[in-house]
Amino acid sequence: HYPDNVRTIFSDSKNNIWVGTGNGISMFDGKTWTNYDDGNGLSNDLINSIREDSAGNIWACSSHAVYKLDGKKWNSLRFRNDTMALRCFIIDKKGAFWFCTDNGVIRVFNNSIRLYYGRDPEIYNLFLSAIETDRNEIWFGSGYGILKFNGTSWNHITLEEYFPYMIVSSIVNDKNRNIWVGTEPVAPMDSDENAGLIRFDG
C-alpha cells in the first residue's frame, strides 16, 4: 500500500525511494512497495530520518532509536536519554554519524561519541536538520538560524536580514552547490512573513 503520515523521504544509490512514516518505513523500487513495521523490528516507531552509508547499508532513526537494515530485518540500538530526542541524522564523507536532537548534536565515529550542546560557545540546543557541504563543513538548521561546523569551530548565521524570528526546519544542497534553507516562525502565532525559502549560492 502507499505510505501515509509521511515524515521523511530518501533516495538511495540504487534509486530506491525510502519513506519514513508514523507507522514504519516503506520502500519503492520503481515497481512495487515494500513495507516495514514492528514485525520487521521497527517497534511501531515514528521514523524521522533515513540515510545510506558508503557501504550501501540503510539506516534510520526515530526519536529514541537508531535502526540498520539487515536483509528484511531492522536491527535497533535504543537511544535512552530523557532529555534528548533524535530529530534527524546524516553520515558524512568520513563515515561519522551526526544526530540532530532537541538538546544538541551527537557525533558518533569509530566507537567515539562527542556531544555538542549549550555549554559550547555559540551552540543553540534545538537542532532540526543537517547537511555536509563540498567544503567538508556541516551545516545545521537550528531553532535560531544556521550553525556551521568546520571540524574545529562553530559559526552562527542568524539570517536576520531575511527573517528576523524564525526556525530553520530544513536544509539541503543541490548538485550546483546551492544550499536551500526552509524556515518557519518561532511560534504559531508569529507572522508567516517570518517563514519562507532562502538560497545560498556559495
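Among contacts (heavy atoms within 4.5 Å) between residues at least 6 apart in sequence, 32% join residues at least 24 apart. The model is predicted, so local features need pLDDT of at least 70, side-chain atom pairs count only at pLDDT 80 or more, and totals for chains, interfaces and linings use all residues. Residues are numbered from 1 along each chain as its sequence is written, and side-chain values use heavy atoms, with hydrogens and water left out.

**The whole chain**

Switch to a cartoon view: the protein has 0 helices and 19 strands. Both kinds of element are DSSP runs numbered from the N terminus, with helices being H or I of at least four residues and strands being E of at least two. Now show the surface, whose accessible area is about 11400 Å², 46% of it from carbon and sulfur atoms; areas come from the Shrake-Rupley method with a 1.4 Å probe, and for residues only the protein chains shown count as cover. Of the 202 residues, 46% count as buried. Buried means under 20% relative accessible area, exposed over 50%, and partly exposed in between, with a 1.4 Å probe and protein chains only.

**Stop one: a four-stranded sheet**

Select β9 to β12, which form an open sheet in the order β9-β10-β11-β12 with antiparallel pairing. Strands pair if DSSP finds at least two bridges between them. The edges are β9 (86-91) and β12 (112-116), each pairing on one side only. From one strand to the next, the twist averages 20°, with axes fitted as lines to C-alpha atoms (for helices, over the stretch in contact) and angles running from 0 to 180 degrees between N-to-C directions.

Zoom in on β9 and β10 (residues 97-101), an antiparallel pair with 5 bridges. Pick F89 and you will find its bridge partner in β10, F99.

Stay in β10 and select C100. Is C100 buried or exposed? It is buried, at 0% relative accessibility. Leaving aside residues up to four places away in sequence, C100 touches A85, L86, R87, C88, F127, L128, S129, A130 and F140.

**Stop two: salt bridges**

Here a salt bridge is a side-chain nitrogen of Lys or Arg within 4 Å of a carboxyl oxygen of Asp or Glu, and the count is 2. Select K93 and E132, whose closest N and O atoms are 3.6 Å apart. K93 is in the loop between β9 and β10 and E132 is in β13 (residues 127-132), so the pair ties together parts 39 residues apart in sequence. K93 is exposed at 56%, whereas E132 is buried at 19%.

Next, select D134 and R177, with a closest N to O distance of 2.7 Å. D134 is partly exposed at 45%, and R177 is exposed at 62%.

**Stop three: a surface patch and a buried glycine**

Show V172, W180 and L197, which make a nonpolar surface patch of about 280 Å². Patches use residues with over 30% relative accessible area and no salt bridge, joining like charges within 9 Å and nonpolar side chains (Val, Leu, Ile, Met, Phe, Trp, Tyr) within 5 Å. L197, in β19 (residues 196-200), is exposed at 59%.

Finish on G182 in β18 (residues 179-185), which is buried at 14% relative accessibility. Among the residues G182 touches are S170, G196 and L197.
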